[in-house]
Amino acid sequence: MKWNHIIVTTFPFLCTGEAFLPSKTHHTSTSLNSKLTDILPTFDKASPQSYSTPPTNTMSSAAEIRTQLLELIGRNPAGHKDAEVRSQFATKLEEYSNAEGCDPADVVFAIGQTVFGVEVPPPAKKSKTGNGSSGEEELPIVDFDYMKSFMKEVFLSYGVTPERAEICADVLIESDKRGIDSHGLGRLKPIYCDRMDDGILFPDKPIDIVSESDTTSLVDGNLGLGLYIGPYCMQMAIDKAKKHGVGFVACRNSTHYGIAGYYATMATDQGCIGFTGTNARPSIAPTFGVEPMMGTNPLTFGIPSSDPFPFVIDCATSVNQRGKIERYAREGVDTPRGAVIDDQGIERTDTEGILKDMVLGKCALTPVGGAGDKMGGYKGYGWAATVELLCTALQSGPWGEDICGIDRATGKPKPMPLGHFFLAIDIEKICPLDEFKKNAGEFLQALRESRKSPTGPGRIWTAGEPENDARVQRMAQGGMKVPVSLQKNMVALRENRPGLKEKYAKFPFE
């Protein structure tokens, strides 16, 4: 009896095969049965519980553990319904993930997630460091103050004023402190410097107030750096809230403003509830569509609590976002299946191809919930559309192709005038701040202390907690690790920007 027959007959919902199997390219059309036949051991026809495998002395540790995993499934056809078997599978899968020689693309990880509900991430493919060895652990630690100073000097070299350059660098380094590596140093050159070089983003433009009331304002950023426009607008909303209870600021003609959570935290730090969002170049396809129509459009809230950190939910309204896919490219790993759909309706995993086709409009991100409506993709679609409306309708701002950043006729870069919105609510105008924090903290603590899944990691997080964990860990280690690709970006900026060679003759990683 073949192993793949056991899988297909025991777990009929796996027969879709390609819906979850890892793949290097979206062109793969191999069936589930043939894939499993190739990679799984063969069971003896006389006894379903006996199987033929290579001799033990020819197997690596990873191969031995993998065989034990397959044996566990084979002996327990209905094991996905048994908590003890699920727990054994989770333990063994984690052991396999940490073993030398584990294949990150192994189908057992997909089986674990899809069949057993076990969330054990496969090991990341190791990237090469400058000296030819592999592994992130070998990268030097770069002090946050040093890195912020470097980024500030880069902005100064473009003509950004000292005050604004300080703010821009602070927004970026805060992302790295929180562990949001896709929006910190990784964005400095490709998103800000390259666009200033291309003349589609300007280093020092005035901020104009188009209209204003006691509680509202419409601001025009004139295509300046969103990294200083955003803080200006959020502080304006907070100041209005402190006087009148609520402040709302809409912004037009801005540019990429970094992590939205920065602005929500500005509000929580000053005793307010914060709410912000931004549109972006079209990336998300509407439910049942394949054309990128909306940006990744984060919908971000910040709420103070008695915890050492605020409740901050800062995430895109897509399953994934472009910055994360760019990070996958830097790490040399595939994009998770279900995050991207192409113009033929195929779910893609080939990271480099995805990034190229996204520029050409041939790929789109899926909204939270995924493609179609089976997993509630229409909900993410609705939230993405909500953000787009709040970033364009009040501002009479562009959307879709008008902010794609590329002139389709010539292929040359063009400006991307983005819209943002910022809301602040002064808690003290409604109830004592300490009482609010206590109420919020008790609820959040109850969430964290609620009953844990027997197949999970044994911990429940609340929004803002993973970022706080990252901050604590990175501050303790003395700074951040800089991947080789970002080291190269820093070297390129040093070589090409005036004044940087003298100040940064040698980087810590050189």
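What share of the contacts in the chain with a separation of 6 or more comes from residues 24 or more positions apart? The figure is 66%, with contact taken as heavy atoms within 4.5 Å. The model is a predicted one, in which local features need pLDDT of at least 70, side-chain atom pairs count only at pLDDT 80 or more, and totals for chains, interfaces and linings use all residues. Residues are numbered from 1 along each chain as its sequence is written, and side-chain values use heavy atoms, with hydrogens and water left out.

On to the overall make-up. The chain holds 17 helices and 13 strands, where helices (H or I, at least four residues) and strands (E, at least two) are DSSP runs numbered from the N terminus. Of its 510 residues, 49% are buried; buried here means under 20% relative accessible area, exposed means over 50%, and partly exposed is what falls in between (1.4 Å probe, protein chains only).

Seven of the strands make up an open sheet with mixed pairing, running in the order E4-E5-E6-E12-E7-E8-E9. Two strands are said to pair if DSSP finds at least two bridges between them. At the edges sit E4 (208–212) and E9, each of which pairs on one side only. From one strand to the next, the twist averages 15°; axes are lines fitted to C-alpha atoms, for helices over the stretch in contact, and angles run from 0 to 180 degrees between N-to-C directions. In general, strands of a sheet pair through backbone hydrogen bonds, either parallel or antiparallel.

Some of these pairings can be followed residue by residue. E6 (residues 246–254) and E12 (residues 418–426) are antiparallel, with seven bridges, and Val246 has Ile425 in E12 as its bridge partner. Lying across E7, E8 and E12 is helix H13 (residues 377–392), which runs at about 95° to E12.

The axes of H6 (residues 144–157) and H8 (residues 185–198) come within 11 Å and cross at roughly 5°. H6 and H8 are therefore roughly parallel to each other, given that angles under 35 degrees count as roughly parallel, over 145 as roughly antiparallel, 65 to 115 as roughly perpendicular and the rest as oblique. On the H6 side, Met147, Phe150, Met151, Val154 and Phe155 meet Leu185, Leu188, Tyr192, Cys193 and Met196 of H8. Sorted by class, that contact has 10 nonpolar, no polar and no charged residues (Ala, Val, Leu, Ile, Met, Phe, Trp, Tyr, Cys and Pro count as nonpolar, Asp, Glu, Lys and Arg as charged, and the others, Gly among them, as polar).

Two loop residues have a positive phi without being glycine. Leu223, with phi near 60°, lies in the loop between E5 (216–220) and H9 (226–244) and is buried at 15% relative accessible area. Phe288, with phi of about 70°, is in the loop between E7 and E8, but counts as exposed at 66% relative accessibility.

As for the cysteines, a search of the whole structure turns up zero disulfides, a disulfide being a pair of cysteine sulfur atoms within 2.5 Å. Cys168 counts as buried at 0% relative accessibility, and Cys272 likewise counts as buried at 0%.
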